[in-house]
Amino acid sequence: MFIYAMFQQYFPYELRGHAHKYTQKLVTYFYPYIQITFHELTGEKLKRSDAYFAIQNYLADHTTATAKRLKADVVKGSKSLVLTMDDHEQVMEEFQGIKIWWSSNKNTPKRPSFSFYPKTEERRYRDAITKSYIDKVLKDGKAIAVRNRERKLYTNNPSDSWYEYQSTKWSHVQFEHPANFETLAMAENEKEAIKNDLIKFSKGKEYYTKIGKPWKRGYLLYGPPGTGKSTMIAAMANLLDYDIYDLELTTVKDNSELRKLLIETTSKSIIIIEDIDCSIDLTGQRRKEKKKYESSQRKKKKKAKKKTTKKGESEEEKEGEDGNGDEEVESEDETESSSKVTLSGLLNIIDGIWSASGGERVIIFTTNHVEKLDEALIRKGRMDKHIELSYCDFEGFKVLAKNYLSIETHPLFEVVRGLLEKTKVSPADVAESLMQKAVEEDADICLNRLIRDLESKSAKEGEQSKEA
Ligand SMILES: Nc1ncnc2c1ncn2[C@@H]1O[C@H](COP(=O)(O)OP(=O)(O)OP(=O)(O)O)[C@@H](O)[C@H]1O
Ligand SMILES: [Mg+2]
């Protein structure tokens, strides 16, 4: 299968109108056309050609309105049906005053695929096509393919039994999360700032090349449970049209496996490590030291005990010693079998890896306890932006009320405002109270339920602070 583009080399003006009338015939019999052919499969191994794919997408997007016979294709990895022209169908496009006919065909045409006319005027035509036009088609086609592609959520969780036989440790499902920034409860100006930051990043290829930095950006999302960290990540992926790699660090064996996993990630993706404080032993070194110290203390004690008892070892003591010995071996085994990914390993890989693989990647860490994190992990340059997601305030509540109840004002809003000012409640909890539990529940019922929930929460908090 191949697609070919044909265009006029040079035509005296009077002939052009004429030519248009008899397009079909002319294309077939008239020589002053240049034809460029793009084959579907290229190379020795007959890989699918990127150019072919890009052109297919471009044509599907630009020309389906004019082509009469269309063919519906389910293109692998694309979320919608792609309509392309049927075999032998031709579509025409004009570029800088030059007419171009596109056609796809199963058989290689007998016409020569390139003719050469060195006259200046003709050169201008040819350059316009081979340089500007084809470039534009390929670029647009790629962008359209990105827009149409089905996005994926990758995980490295070894839950499938066939997992070990796979060459890659990532497995994926289609990523379809409805989250977006509009429905996210958060201060409007902060949302705008984050959105702008992301868009600037995604368009910043030249900028990153210029400053000599790998094209990546790191975000740290922190805040209490249920404040929208995971939701925001999904919204980010939807905004940028990126894939998501959900990296479960606790199942990664060691640093080299981590490196391999990260090298395998594709461009245009968000790599997330949720609850970073729980998934990596941030104090690994110190804990080991402590263990060594404790075990040496135990040994010392034992020796001292031996000295105080009789010289000849009794059966009991022997057993006890063996038992202790076993215990130590066991605890050492335990530390060895758990993940050996170290903080410094993670940092090195994050810093180094991208320069090798290029392409745009966003890394996101989330945590409920920002204060626990090692300074090295979150310093500027590694995590470029720290975003705090916090308890629900009135502004956030209004977004949720609009999402869940489709209302922008209500007499009860003022009561809610008062309660939110004195209670710490997560957007997840507010959302839960606001959600319609039955069809007959209207805004009044939902808001009253929220007020009740907030009041009881505030009363509980009051009691707790009294006790303390
Ligand atoms: N800021 C928010 N805006 C809109 N909905 C929210 C927000 N925060 C939470 N929610 C709702 O609450 C649910 C849980 O939120 P989410 O999973 O994003 O919280 P989280 O911050 O990731 O919590 P955790 O720290 O426990 O992982 C979401 O499905 C969403 O419906
Ligand atoms: Mg979460």
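Student: Which residues in α14 meet P427, V430, A431 and L434 in α16?

Tutor: This is a predicted model, in which local features need pLDDT of at least 70, side-chain atom pairs count only at pLDDT 80 or more, and totals for chains, interfaces and linings use all residues. Residues are numbered from 1 along each chain as its sequence is written, while chains are lettered from A and ligands numbered from 1 in the order in which they are written. Helices are DSSP runs (H or I, at least four residues), numbered from the N terminus, and contact requires C-beta atoms, placed from the backbone, within 7 Å. The partners in α14 are G396, F397, L400, A401, Y404 and L405.

Student: How many nonpolar residues does this contact of α14 with α16 have?

Tutor: Ala, Val, Leu, Ile, Met, Phe, Trp, Tyr, Cys and Pro count as nonpolar, Asp, Glu, Lys and Arg as charged, and the others, Gly among them, as polar. The contact has one polar residue and no charged residues; the nonpolar residues number nine.

Student: At what angle do α14 and α16 pack?

Tutor: Axes are lines fitted to C-alpha atoms over the stretch in contact, and angles run from 0 to 180 degrees between N-to-C directions. The axes of α14 (residues 394–405) and α16 lie 10 Å apart, and the angle is about 35°.

Student: Between which domains does ligand 1 lie?

Tutor: The shell around ligand 1 comprises 15 residues (C-beta atom, placed from the backbone, within 6 Å). Elements giving two or more residues are α7 (229–240) and α16 (427–434). Domain bounds come from an automatic or database assignment. Two domains both give residues to the shell, so ligand 1 lies between domain 2 (153–280 + 341–388) and domain 4 (394–467).

Technical notes: Contact = placed C-beta atoms within 7 Å.
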